[in-house]
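This briefing is for a reader new to the structure. Please look over the sequence and the model before reading on.

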Amino acid sequence: MGEAIKNRYEFVVLFDVENGNPNGDPDAGNLPRIDPESGYGIVTDVCLKRKIRNYVETVKEDAPGYKIYIKEDIPLNRSDNMAYEYLNTNEKDIKELKKKDPNVDEKIRNFMCENFFDIRTFGAVMTTFVKAALNCGQVRGPVQLGFARSIDPIVSQEVTITRVAITTEKDAENKSTEMGRKNIVPYALYRAEGYISANLARKVTGFSEDDLELLWEAIINMFEIDHSAARGKMAVRELIVFKHSKELGDCPAYKLFDAIEVKKKEDVLYPREYKDYTVKVHEDLIPDSVEISRKI
């Protein structure tokens, strides 16, 4: 799959939503996720990883080395069995094989990393292997994302909708429409921050330069194949990447993140578009050894 990356990276993603629900909370009636103390909107890392996985799956179509492990309607055990088939064994016989070959754990881990892009990228907990007493059940990936948070507090708006198609014949005798509700955010700009460890890429998963380019492509386009009425109008507006000069990095990540300033324009009371914000990169706060690039 190519040589593992040699440089540490951090990155900042700015994306917005217009008249949609970017990430519903199932514990709150699928309302847009919100920090109850501050009112800021939240999008989980799991939600963003799902978009990235979906993009890679769509583009690569299960090409060798680019399968997706966490996949809709595919039990994890089915994917795990690929590794057993590779070793000409099964879950029942793997313990005996492990007694003969102490490197079975590493072989299975390497096989899964080589064949599944999301394991190579984000890592995974492979429960089948844990049940089989293998140590490769948990793989720590080099790419990690934090929760996205809105730049300003958001207000969730409940919209009543009607439907002219009635569900049952009995209901049709009494009414001509049915009512429903959907919750939207009129507008919000979100910021997510991510980390890429070259050290973990080299030691564990083999995350390569080709994988890195695919990751940038997936982040930029993760909403382009995911449009729906529920999510409204969503788009990635900025992808700002920091490249360190060495494997372990040149400075703490927070210093780089602090160099990215996103704020609402002074004459704007209620932001309703991306132009209502300014994005400034304070390059004087970034060490000379760190390369910065804006992918969009």
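The points below cover the salt bridges and then the pocket.

The model is predicted. It holds 17 salt bridges, and its largest pocket has about 230 Å³ of space.

**Salt bridges**

- Side chains of opposite charge can pair when their charged atoms come close.
- Asp-25 and Arg-33 form a salt bridge through their side chains, at 3.7 Å from N to O. Arg-33 counts as partly exposed because its relative accessibility is 21%, and partly exposed begins where buried, under 20%, ends.
- Lys-71 pairs with Asp-62 in a salt bridge, with 2.9 Å from N to O. Asp-62 has a relative accessible area of 31%, so Asp-62 is partly exposed.
- A salt bridge also joins the side chains of Glu-158 and Arg-181, at 3.5 Å from N to O. This pair links distant parts of the chain, 23 residues apart: Glu-158 lies in strand E9 (residues 157-163) and Arg-181 in strand E10 (residues 178-196). Arg-181 is exposed because its relative accessible area is 60%, and exposed means over 50%.
- Lys-51, Asp-226 and Arg-231 belong to one network, joined by salt bridges that share partners.

**Largest pocket**

- The volume of the largest pocket is about 230 Å³.
- The largest pocket is lined by 17 residues, and those closest to its centre are Pro-153, Ile-154, Tyr-187, Pro-271 and Arg-272.
- Strand E8 (148-153) and E10 are the elements that each give two or more residues to this lining. E10 gives the most, with 5 residues.
- By residue type, the lining has 13 nonpolar, 1 polar and 3 charged residues.

Terms used. Residues are numbered from 1 along each chain as its sequence is written. This is a predicted model: local features need pLDDT of at least 70, side-chain atom pairs count only at pLDDT 80 or more; totals for chains, interfaces and linings use all residues. Side-chain values use heavy atoms; hydrogens and water are left out. A salt bridge is a side-chain nitrogen of Lys or Arg within 4 Å of a carboxyl oxygen of Asp or Glu. Buried means under 20% relative accessible area, exposed over 50%, partly exposed in between (1.4 Å probe, protein chains only). Helices (H or I, at least four residues) and strands (E, at least two) are DSSP runs, numbered from the N terminus. On a 1 Å grid over the protein atoms alone, a cavity is a set of points where a 1.4 Å probe fits but cannot get out, and a pocket is an open set with protein on both sides within 12 Å along at least five of seven lines; lining residues have an atom within 4 Å of a point. Grid points are joined across faces, edges and corners, and a volume is the space filled by probe spheres set on the points. Ala, Val, Leu, Ile, Met, Phe, Trp, Tyr, Cys and Pro count as nonpolar, Asp, Glu, Lys and Arg as charged, and the others, Gly among them, as polar.
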